[in-house]
Amino acid sequence: MAAALAVNHLWKSFGSGLRPAVRDVSFAAAPGEIIVLLGPSGCGKTTTLRMVAGLEQPTDGTILIGTEAAYDSKQRINVAPQHRQIGMVFQSYAVWPHMSVAKNVAYPLARRGLGRAEIARKVEEALALVGLEDYLDRSVSSLSGGQMQRVALARALVYEPRIILLDEPLSNLDAKLRLRLRDDLRTIIKKLGLTALYVTHDQEEAVVIGDRIGVMKDGELLQMSAAADLYNRPADAFVAHFTGVTNMLQGRVRSRSGGTASIELSGGAGPILATLGKDVADGEAVSVGIRPENIRLLDTPPSSLEPDQHRARVVERRFHGGQSVYRVAVLGTELDVVELGTMPRFDQGHEVTLTLPADLCWSFPAEASTDRR
Ligand code: ATP
């Protein structure tokens with residue numbers, strides 16, 4: 001099936017002396033897919049979204065919405081925003097406070113010249129979808145932030161756009177509302193089968209909302225994958241850190257067998273086994289990321305250690321209610337290990353056997369990590 005949205009080799013420069021805000025970004029969204037652009041402030045995610053919307057003109061590249069070119073630098077195609085059939089929701093609610101809820105949502109339909117009865121029906125449908133069917137005649141200024149954002153969403157959905165673009169739509173809400181609307185947003189978008197491009201700097205939000213997540217830094221799209229791949233197979237150390245990997249080991253590839261490398265750690269300890277990332281060569285310096293939840297601790301020492309097992313000692317234990325966080329001395333360094341459960345298993349000083357599962361230890365070139373950080 002053709003992509004619902006395809007962005008190819010997109011560039012944006014705001015001035016000749018400046019670093020390009022967006023550098024050679026390409027991705028495609030399948031129909032009904034929610035793509036999230038994730039990254040720190042200033043990485044170019046909003047600029048990318050605004051180019052898709054037609055609010056910013058690319059310096060180079062193409063944008064296809066469905067099978068139609070919305071922008072093509074070579075063919076001089078630049079479809080106006082109002083003709084791209086997109087719905088948009090921004091961080092600032094962008095609703096009109098002096099109008100009623102119904103009037104706000106009806107606005108895009110009235111502009112398109114639909115009849116009154118049809119407008120009324122569509123407005124009611126859109127408001128029911130966002131859970132505001134009882135608020136039709138309320139003035140928008142009397143609503144909470146979360147309700148205003150629902151009005152903005154209803155207005156973006158009411159004329160059945162081909163794709164919906166959302167730029168940090170939850171940022172202005174308090175924590176509790178943010179969590180509720182976060183779940184609702186995904187449910188609503190999925191119910192309508194809409195293709196969505198969603199911008200956020202919040203890693204957890206990205207994981208909950210997105211089918212695939214693209215991590216951006218300095219205008220580049222570093223990796224676009226399903227959340228689980230991003231977590232377990234980060235392309236480089238920046239992606240690993242941004243998705244919250246806290247354990248990072250440094251070493252060198254000693255040998256490889258299939259997709260697994262034997263890695264000697266920088267201090268001479270090891271070897272450990274890790275899955276080979278893209279572009280990792282023999283003898284090369286690598287970083288190895290392993291998430292605290294993926295390390296296993298064994299109480300009773302086995303008679304002989306497996307290649308992925310190492311002797312370790314608990315140096316610190318913090319109990320967080322539903323989980324225990326251990327700081328463990330192993331392989332000449334210290335690692336964090338998280339175990340779920342309301343009963344901590346080990347005290348400080350406890351000798352344990354630690355497993356670093358090779359399929360969950362992910363290696364990438366060390367140069368890339370220093371470059372990106
Ligand atoms: P944030 O989350 O802070 O909005 P972002 O990842 O969305 O960040 P962009 O807003 O896309 O980042 O900005 C990318 C870069 O482009 C930044 O360095 C920014 O200063 C620059 N930039 C954005 N808009 C303009 C503009 N109109 N003129 C000049 N520079 C701009």
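Residues are numbered from 1 along each chain as its sequence is written. In this predicted model, local features need pLDDT of at least 70 and side-chain atom pairs count only at pLDDT 80 or more, while totals for chains, interfaces and linings use all residues.

The protein contains nine helices and 21 strands. Helices (H or I, at least four residues) and strands (E, at least two) are DSSP runs, numbered from the N terminus. Along the principal axes, the C-alpha atoms fill a box of roughly 80 × 50 × 40 Å. Of the 373 residues in the protein, 42% are buried. A residue is buried if 20 or more other C-beta atoms lie within 10 Å of its own, exposed if 12 or fewer, and partly exposed in between, with C-beta atoms placed from the backbone. Among contacts with a separation of 6 or more, 66% join residues 24 or more positions apart. Two residues are in contact if their C-beta atoms, placed from the backbone, lie within 7 Å.

The ligand comes next. Around it are Phe14, Ala21, Gly39, Ser41, Gly42, Cys43, Gly44, Lys45, Thr46, Thr47 and His201. A residue is near a molecule if its C-beta atom, placed from the backbone, lies within 6 Å of it. The shell holds three nonpolar, seven polar and one charged residue. Here Ala, Val, Leu, Ile, Met, Phe, Trp, Tyr, Cys and Pro count as nonpolar, Asp, Glu, Lys and Arg as charged, and the others, Gly among them, as polar.

Gly39, one of the shell residues, lies in the loop between strand 3 (34-38) and helix 1. Gly39 is buried, because 27 other C-beta atoms lie within 10 Å. Its C-alpha atom is 7.9 Å from that of Asp202, 163 residues away along the chain. Beyond its neighbours within four places in sequence, Gly39 is in contact with Lys45, His201, Val215, Met216 and Lys217.

Helix 1 covers residues 45-53, and eight of its nine residues are buried. These are Lys45, Thr46, Thr47, Thr48, Leu49, Arg50, Met51 and Val52. Lys45, Thr46 and Thr47 also belong to the residues around the ligand.

Helix 2 spans residues 101-111, with Val101, Ala102, Asn104, Val105, Ala106 and Leu109 buried. The cover over these buried residues includes helix 3 (116-129) and helix 4 (145-157). Gly113 follows helix 2, and its phi is positive, near 75°.

The axes of helix 2 and helix 4 come within 7 Å and cross at roughly 30°. Axes are lines fitted to C-alpha atoms, for helices over the stretch in contact, and angles run from 0 to 180 degrees between N-to-C directions. The two helices, helix 2 and helix 4, are therefore roughly parallel to each other. Angles under 35 degrees count as roughly parallel, over 145 as roughly antiparallel, 65 to 115 as roughly perpendicular and the rest as oblique. Helix 2 contributes Val101, Asn104, Val105, Tyr107 and Pro108 to the contact, and helix 4 contributes Val151, Ala154 and Arg155. In this contact of helix 2 with helix 4, six residues are nonpolar, one is polar and one is charged.

Helix 2 and helix 3 have axes that come within 9 Å and cross at roughly 120°. Helix 2 and helix 3 are therefore oblique to each other. Their contact is formed by Val101, Ala102, Val105, Ala106, Leu109 and Ala110 of helix 2 with Ile119, Lys122, Val123, Ala126 and Leu127 of helix 3. The residues in this contact of helix 2 with helix 3 comprise 10 nonpolar, no polar and one charged.

Two further buried residues were examined. Leu157 lies in helix 4. Leu157 is buried, because 24 other C-beta atoms lie within 10 Å. Leu157 and Gly87 are 70 residues apart in sequence, yet 6.2 Å apart in space, C-alpha to C-alpha. Not counting residues up to four places away in sequence, Leu157 touches Gly87, Ala126, Leu129 and Leu192.

Ala206 is placed in helix 6 (residues 203-209). Ala206 is buried, because 25 other C-beta atoms lie within 10 Å. Leaving aside neighbours within four places in sequence, Ala206 is in contact with Val36, Leu38, Thr200 and Ile213.
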